[in-house]
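Work through these exercises with the model open beside you. Try each task before reading its solution.

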Amino acid sequence: MEEKKITKIVINPTRQRIMQYILFHKKACTSEIAKELDDIPQATLYRNIKMLLENDFIEVVEEKNVRGVIEKYYSAVNNSPSDNLPSNEEFSNVIQNLLYETGRSFKNFLSVDTNDPIKEMLGYWCSTYVLSDEEFKNLLDEMGLVMQKYTGREMTKDRKLRNLHIMSLPNKGEKKWKY
């Protein structure tokens, strides 16, 4: 898939939220997604699901007849490595665009004088670990289990949407370790 198309699909906040919902719930139908992401207009939701489907980010895994209407259930496509993977430059551009969007979100939040970064627990954390590939995989698996525990909760007056971004970047060439 060409870089601009990948970037256009991945960078869109609505599609990111839809993908997040599907990834955390393993499979979901449009009505479930619409209930959870109720700030997204129905037409926008359907259009973005269609784009994710047409570009092989999600697939139909089940169909149920609900009161005479076929309800499709979607799941994330488990793509295996292939020759169609983006180049390092394309991947770099996608990551840079995502970082730009994250920075824009911080700027938008902080541009409102009444927003309180301390009260809202705004933050950025960076930790460096010394781990084997297996230990790192275990860390990610354990983090995934913790995150799953908090996924799918109902919105209440005390609960608000919170974005947690986790990035992984090898620390190559920045420090030389002797071992």
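**Exercise 1. The overall picture**

What percentage of the 179 residues of the protein count as buried?

Solution. This is a predicted model. Step one: apply the cut-off, under which buried means under 20% relative accessible area. Step two: read the share, which is 17% of the 179 residues.

Now list the elements of the protein from the N terminus on.

Solution. Start with the count: six helices and three strands. Then place them in order: α-α-β-α-α-β-β-α-α. Finish with the contacts at a separation of 6 or more: residues 24 or more positions apart account for 52% of them.

**Exercise 2. Ser 75**

Locate Ser 75 and decide: is Ser 75 buried or exposed?

Solution. 
- Step one: find the element. Ser 75 sits in strand E3, which covers residues 69-76.
- Step two: check accessibility. The relative accessible area of Ser 75 is 15%, so Ser 75 is buried.
- The Ser 75 side chain reaches the backbone oxygen of Lys 26 at 2.8 Å.
- Step four: list the surroundings. Leaving aside neighbours within four places in sequence, the contacts of Ser 75 include Ile 22, Lys 26, Lys 27 and Phe 57. Ile 58, Glu 59 and Val 61 are also in contact with Ser 75.

**Exercise 3. Salt bridges across the sequence**

How many salt bridges does a search of the whole structure find? Examine the ones formed by Asp 39 and Lys 27.

Solution. The search finds six. Side chains of opposite charge can pair when their charged atoms come close.

Take Asp 39 first. Asp 39 pairs with Arg 17, and their closest N and O atoms are 2.9 Å apart. Asp 39 lies in the loop between H3 and helix H4 (42-54), while Arg 17 lies in helix H2, so the bridge ties together parts 22 residues apart in sequence. Arg 17 is partly exposed, at 22% relative accessible area.

Now take Lys 27. The side chains of Lys 27 and Glu 62 meet at 2.1 Å, N to O. Lys 27 is in the loop between H2 and strand E1 (28-29), and Glu 62 is in strand E2 (residues 58-66). The pair links distant parts of the chain, 35 residues apart. Lys 27 is partly exposed at 34%. Glu 62 is partly exposed too, with a relative accessible area of 24%.

**Exercise 4. A bridge within one helix**

Explain why Lys 50 and Glu 54 are separated by about one helical turn.

Solution. Note the bridge: the Lys 50 and Glu 54 side chains meet at 3.8 Å, N to O. Then count positions. Lys 50 and Glu 54 are four residues apart in helix H4, so about one helical turn separates them. Glu 54 is exposed, with a relative accessible area of 55%. Elsewhere, salt bridges with shared partners join Lys 27, Glu 62 and Lys 64 into one network.

**Exercise 5. The second largest pocket**

Which element gives the largest share of the lining of the second largest pocket?

Solution. 
- Step one: note the space. The second largest pocket holds about 170 Å³.
- Step two: find the lining. Among the lining residues are Tyr 21, His 25, Glu 32, Lys 35, Glu 36 and Arg 153.
- Step three: assign elements. Helix H2 (13-25) and helix H3 (30-36) each give two or more residues. The largest share, three residues, comes from H3.
- Step four: sort by class. The lining has two nonpolar, two polar and six charged residues.

Terms used:
Residues are numbered from 1 along each chain as its sequence is written. This is a predicted model: local features need pLDDT of at least 70, side-chain atom pairs count only at pLDDT 80 or more; totals for chains, interfaces and linings use all residues. Side-chain values use heavy atoms; hydrogens and water are left out. Buried means under 20% relative accessible area, exposed over 50%, partly exposed in between (1.4 Å probe, protein chains only). A polar contact is a pair of N or O atoms within 3.5 Å; within protein, one must be able to donate a hydrogen and the other to accept it, and residues adjacent in sequence count only if both atoms are side-chain atoms. Contact means heavy atoms within 4.5 Å. On a 1 Å grid over the protein atoms alone, a cavity is a set of points where a 1.4 Å probe fits but cannot get out, and a pocket is an open set with protein on both sides within 12 Å along at least five of seven lines; lining residues have an atom within 4 Å of a point. Grid points are joined across faces, edges and corners, and a volume is the space filled by probe spheres set on the points. Ala, Val, Leu, Ile, Met, Phe, Trp, Tyr, Cys and Pro count as nonpolar, Asp, Glu, Lys and Arg as charged, and the others, Gly among them, as polar. A salt bridge is a side-chain nitrogen of Lys or Arg within 4 Å of a carboxyl oxygen of Asp or Glu.
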